[in-house]
Every structure is written in structure tokens, then in C-alpha cells.
Amino acid sequence: MPITTDTPQMRETLARLNHDAIGSIDNDGDCKIKVNDLSTLLTAYKIELNKNRSLKRTIAKKEQTAA
């Protein structure tokens, strides 16, 4: 079963991260964000990377089969 990362909850997380990062940035470029929001973003990123790798393997196998 495919995992969907483009959800309303993920968009809310991204909006919160953006708001928190921009709203708390200091002169050194540091900011404060929620660990759970960052964890959610990184998990979604890893899922998308794995989907992309899987898609590339599938395409490569189909090309080899067609050749």
C-alpha cells in the first residue's frame, strides 16, 4: 500500500515550520522549531526518497525487459 505524504496535516506541519523558523530567527541565523515538526518533515522526505528510488528501479527493469 503506497504512503501519501501530501496531506493536509503535512501542509500544516510545513506551514508551522515556516512560521516558527521565520518568526524566531536571530542575528546568528538560528531559529526555534518544534522537534515533532522537524521529525515529521524528515520522515516524509525519507519516504519520498524511497518512492523515487523504487520508481527508478521499476523503470530500469521495464527498460531492460523491453530491450
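This is a predicted model: local features need pLDDT of at least 70, side-chain atom pairs count only at pLDDT 80 or more; totals for chains, interfaces and linings use all residues.
1. Thr 5 sits in the segment before helix 1, which runs over 8–24. Its relative accessibility is 15%, so Thr 5 counts as buried, the cut-off being under 20%. Leaving aside residues up to four places away in sequence, Thr 5 touches Met 10, Ala 44, Ile 47, Glu 48 and Lys 51. With Glu 48 there is also a polar contact of 2.3 Å between the side chains.

2. The length of helix 1. Helix 1 has 17 residues, and at 1.5 Å a residue these should span 24 Å. The C-alpha atoms at its ends are 24 Å apart, in agreement with that expectation.

3. Which residues of helix 1 are buried? They are Met 10, Thr 13, Leu 17 and Asp 20. These residues cover an arc of only 95 degrees around the axis, and therefore lie on the same side of helix 1. Helix 2 (35–66) is included in what covers them. On the face turned away from the buried side, helix 1 carries the exposed residues His 19, Ile 22 and Gly 23.

4. Side chains of opposite charge can pair when their charged atoms come close. Asp 6 is exposed, with a relative accessible area of 54%, while Arg 11 is partly exposed at 46%.

5. The pair Lys 34 and Asp 20. These two residues form a salt bridge, with 3.7 Å between the closest N and O atoms. Lys 34 lies in the loop between helix 1 and helix 2 and Asp 20 lies in helix 1, so the pair ties together parts that are 14 residues apart in sequence. Lys 34 is partly exposed at 47% relative accessibility, whereas Asp 20 is buried at 17%.

6. The pair Glu 48 and Lys 51. Their side chains meet in a salt bridge of 3.2 Å, N to O. Both residues lie in helix 2, three residues apart, or about one turn of the helix. Glu 48 is partly exposed at 32% relative accessibility, and Lys 51 is partly exposed at 34%. Both also touch Thr 5.

7. Arg 57. This residue is found in helix 2 and is exposed, with a relative accessible area of 51%. Arg 57 and Lys 34 are 23 residues apart along the chain, and their C-alpha atoms are separated by 35 Å.

Methods:
Residues are numbered from 1 along each chain as its sequence is written. Side-chain values use heavy atoms; hydrogens and water are left out. Helices (H or I, at least four residues) and strands (E, at least two) are DSSP runs, numbered from the N terminus. Buried means under 20% relative accessible area, exposed over 50%, partly exposed in between (1.4 Å probe, protein chains only). A polar contact is a pair of N or O atoms within 3.5 Å; within protein, one must be able to donate a hydrogen and the other to accept it, and residues adjacent in sequence count only if both atoms are side-chain atoms. Contact means heavy atoms within 4.5 Å. The expected span of a helix is 1.5 Å times one less than its number of residues. The arc is that of the directions from the helix axis to the C-beta atoms. A salt bridge is a side-chain nitrogen of Lys or Arg within 4 Å of a carboxyl oxygen of Asp or Glu.
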